[in-house]
Amino acid sequence: MSSAIKETTSAKGSGSDIDPTTASLTVGGKSHSLPVIIGTEGERALDTRKLRNESGYIAYDDGYGNTGSCLSNISYIDGEKGILRHRGYPIEQLARHSSFIEVAYLVIYGELPSAEQLAQFRERVRGNAHLHEDFRHHFQGFPPNSHPMAVLSSMMNALGCYYPNMSTNNRETDLAHFDDTTTLLLSKVRTIAAATYRMRMGRPFNYSRGSFRYVDNFLHMMFSEPYEEYEPVPEVADALDLFLLLHADHEQNCSTSTVRMVASGGANLFASVAAGVCALWGPLHGGANSAVIQMLEEIHARGDDGSRFIEDAKTGKARLMGFGHRVYKNFDPRAKIFGAAAERVLKALGREDPLLDIARRLEQAALADDYFIERKLYPNVDFYSGIVLKAIGIPVDMFTVMFAIGRMPGWIANWKETAETTKRIHRPRQIYTGPEKRDFVPIEKR
Ligand code: ACO
């Protein structure tokens, strides 16, 4: 059986530099026309939506590395060039000039806010930091050493129960409350994260401070004691704000596509982001930032300068966590920005961390090694973020919770886009490779 994809000539003319409007797929001697879709940045796709009905064939793409699961206006990545833009704005400019809350507004609503819009948005986030007193009792239902990601995903879903008018699973109703749900989630995810930490430490919960900005309030809820108020170091608060900003969205990654998947079935925003938290937890996704620290600590503990570990990574005995990315194949722009922030925070805190030295050595060794060069493996944002979070005093198993706080705007924006534009439930197909039909065998004959 022969199969081939070829581009047809464009309606505008022919020639390799002109985009075709259709492609044809020839399979089993029959030709099928596939419309070509071109994104605003020139990304090209073949529209295979009608392929199965017309040909009986589906596209097989294990891991979705070559599948566009949606049309989206939110973020753009060019992995080859190391480009990340939110709503058109380069991440470098946002990191330099903006704040997490402003970028959250941009990602969610599509435009940079005016001064008035930003002030109102901040006010709504600020006003939503508290938890219902009954809600606080949920924390007692968890063993004190529960993993904070398990607590967070449960709490995100439980939160919806306190706002039944916002979590109806009726799209029109849930969308009508979208502004309120958004600020509520952005604010309370931080309160829940801090409360989880306080529960773990056996310390009383801290009430939020209305006058504090987003990250300062979080640090206060985490670290203030009844007998001693936490005093944030400006460089620490700035680095935390930058960390959250850099994580605000990242197109169709594992957790965001999970949120869209759940949203496509009509589930409310609380349930959809709870699913996003679960998807983020894994070490190949958001769990990588804690895995980086565990890896650096292991290397340090065995007196390795990193070179033995690099050899292990090359032979498959170990994986260099914080390296590699499904999309970025030259550099992760977020890693560049955050590598510099790591230096600034450690300097401001007057700390030297041997793990940072090991990280630098690993980076240099890997960037000069053919194994990593050939496979286009570069540091990703998680490579340095763990060092910063550790310096701030965030426990390692809460690193992924910090990622979840940062990713909340992206999940919210993608939920909204799905709820507003998707009529069909997301439902991939599969190629069945199990046994053919066979008859049931009674238990005494097996
Ligand atoms: N260390 C050593 N080898 C690696 C690494 C790594 N970190 N990443 C990939 N490779 C190798 C693979 O073994 C494979 O080699 P092979 O061709 O000889 O079999 C090749 O590079 C391609 O790797 P894949 O796993 O196919 O790449 P994929 O795009 O599927 O995976 C991923 C990307 C999951 C990020 C991977 O690079 C990885 O596991 N990195 C470490 C975990 C990590 O840092 N995750 C964070 C991602 S960023 C984020 O979520 C914010």
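**Figure 1. Helix α12 against helix α19 in the predicted model.** Helix α12 (residues 269-280) packs on helix α19 (residues 399-421) at an angle of about 135°, with the axes 10 Å apart. Axes are lines fitted to C-alpha atoms, for helices over the stretch in contact, and angles run from 0 to 180 degrees between N-to-C directions. Helices (H or I, at least four residues) and strands (E, at least two) are DSSP runs, numbered from the N terminus. α12 and α19 are therefore oblique to each other. Angles under 35 degrees count as roughly parallel, over 145 as roughly antiparallel, 65 to 115 as roughly perpendicular and the rest as oblique. From α12, Leu 269, Ser 272, Val 273, Gly 276, Val 277 and Leu 280 meet α19 residues Thr 400, Phe 403, Ala 404, Arg 407, Met 408, Trp 411, Ile 412 and Trp 415. Contact means C-beta atoms, placed from the backbone, within 7 Å. This contact of α12 with α19 has ten nonpolar, three polar and one charged residues. Ala, Val, Leu, Ile, Met, Phe, Trp, Tyr, Cys and Pro count as nonpolar, Asp, Glu, Lys and Arg as charged, and the others, Gly among them, as polar. Residues are numbered from 1 along each chain as its sequence is written. In this predicted model, local features need pLDDT of at least 70, side-chain atom pairs count only at pLDDT 80 or more, and totals for chains, interfaces and linings use all residues.

**Figure 2. Helix α13 on helix α18.** The axes of α13 (residues 288-301) and α18 (residues 382-392) lie 8 Å apart, at an angle of about 75°. The two helices are therefore roughly perpendicular to each other. Ala 288, Asn 289, Ser 290, Val 292 and Ile 293 of α13 meet Asp 382, Phe 383, Ser 385, Gly 386, Leu 389 and Lys 390 of α18. By class, five are nonpolar, four polar and two charged.

**Figure 3. The ligand shell.** The ligand is surrounded by 18 residues. Ala 288, Leu 320, Gly 324, Arg 326 and Arg 375 are the closest. The shell divides into eight nonpolar, six polar and four charged residues.

**Figure 4. Helix α3 beside helix α4.** Helix α3 (residues 100-109) and helix α4 (residues 115-126) cross at roughly 105°, and their axes come within 10 Å. That makes α3 roughly perpendicular to α4. Ile 101, Glu 102 and Tyr 105 in α3 meet Leu 118, Phe 121, Arg 122 and Val 125 in α4. Five of these contact residues are nonpolar, none polar and two charged.

Definitions and conventions
Contact = placed C-beta atoms within 7 Å. Near = placed C-beta within 6 Å.
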